[in-house]
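Visitor: I would like to learn how to read the features of a structure, one at a time. Could you guide me through an example?

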Amino acid sequence: MESQNKVSMGGMDGLESREKEMKMANQRTAKSRELLVRLLAFVLTFVAAILLGVNKQTKVVPVQLTPTLPPINVPVTAKWHYLSAFVYFVATNVIACSYAALSILLLFTSKGENNILPKMIIILDTLMVALVFSGNGAATAIALMGYKGNSHVQWKEVCSVFGKFCDQGAVAIGLSQLGALVFLLLGLMSALSSNKRSSNF
């Protein structure tokens with residue numbers, strides 16, 4: 001009888017240890033997946049900030065002073081920091097990529113016993129989504145003015161002159177938009193993993 005109890009207890013211990021091993025393997029897989037997605041968010045926002053932060057183009061533009069005089073060729077430069085919306089865009093992407101790098105470090109160094117860290121990361125991921133989307137909205141509004149102009153206020157489009165500047169800005173906005181979507185995915189992943197952790201206790 002005693003030997004049967006020992007065998008059944010040994011079988012239960014084996015099952016529990018296998019369950020623990022599987023749970024730890026699932027946690028490691030989820031953590032490595034989250035780290036890869038955070039790295040993607042970092043790369044997208046970093047490249048977007050760099051692309052717009054170095055964006056500059058100089059063109060020689062003919063300027064007509066009076067109808068009787070011939071036009072004068074004037075060198076004109078387009079730089080990202082001439083427009084406050086682009087400055088805000090670069091700032092939001094720098095903040096987002098800095099946060100992504102910091103969150104990667106926190107996930108590498110955290111042991112898993114800390115209950116505050118996952119909740120804090122969910123809140124900060126949500127803030128990054130809002131921040132990056134707001135920077136993208138501001139930059140997109142100005143970029144559309146560059147591409148199409150505004151006839152109501154007599155603003156002419158400038159992208160026919162500064163094509164490289166506009167194209168590089170459009171690529172930066174597109175990458176940043178993908179970065180914002182990745183942060184949104186991170187928020188969902190963090191919320192789901194936090195929900196699983198709380199349901200296990």
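Visitor: Is the crossing of helix 2 and helix 3 left-handed or right-handed?

Guide: Before that, please note that this is a predicted model, in which local features need pLDDT of at least 70 and side-chain atom pairs count only at pLDDT 80 or more, while totals for chains, interfaces and linings use all residues. Residues are numbered from 1 along each chain as its sequence is written, and side-chain values use heavy atoms, with hydrogens and water left out. The crossing of helix 2 and helix 3 is left-handed, a term used when the near helix is turned anticlockwise from the far one by less than a right angle, with clockwise giving right-handed. The residues in this contact are 18 nonpolar, five polar and one charged (Ala, Val, Leu, Ile, Met, Phe, Trp, Tyr, Cys and Pro count as nonpolar, Asp, Glu, Lys and Arg as charged, and the others, Gly among them, as polar).

Visitor: At what angle do helix 2 and helix 3 pack?

Guide: Two packed helices are described by the angle between their axes and the distance between the axes. Here helix 2 (residues 84–109) and helix 3 (residues 116–148) pack at about 160°, and their axes are 8 Å apart (axes are lines fitted to C-alpha atoms over the stretch in contact, and angles run from 0 to 180 degrees between N-to-C directions; helices are DSSP runs of H or I with at least four residues, numbered from the N terminus). Helix 2 and helix 3 are therefore roughly antiparallel, the word for angles over 145 degrees.

Visitor: How many aromatic pairs does a search of the whole structure find?

Guide: A pair of aromatic rings is described by the distance of the centres and the angle of the planes. The search finds three pairs (rings of Phe, Tyr and Trp, the last by its six-membered ring, pair if their centres lie within 6.5 Å; planes under 30 degrees apart count as stacked, over 60 as edge-to-face and the rest as tilted). One of them joins Phe-86 and Phe-165, whose ring centres are 6.3 Å apart with planes at 50°, so this pair is tilted. Because Phe-86 lies in helix 2 and Phe-165 in helix 4 (residues 163–200), the pair ties together parts that are 79 residues apart in sequence.

Visitor: Is Phe-86 buried or exposed?

Guide: Phe-86 counts as buried at 5% relative accessibility, and Phe-165 is buried with a relative accessible area of 8% (buried means under 20%, exposed over 50%, and partly exposed in between, with a 1.4 Å probe and protein chains only).

Methods
Helix = DSSP H or I, 4+ residues; strand = E, 2+ residues; numbered from the N terminus. Parallel < 35°, antiparallel > 145°, perpendicular 65-115°, else oblique.
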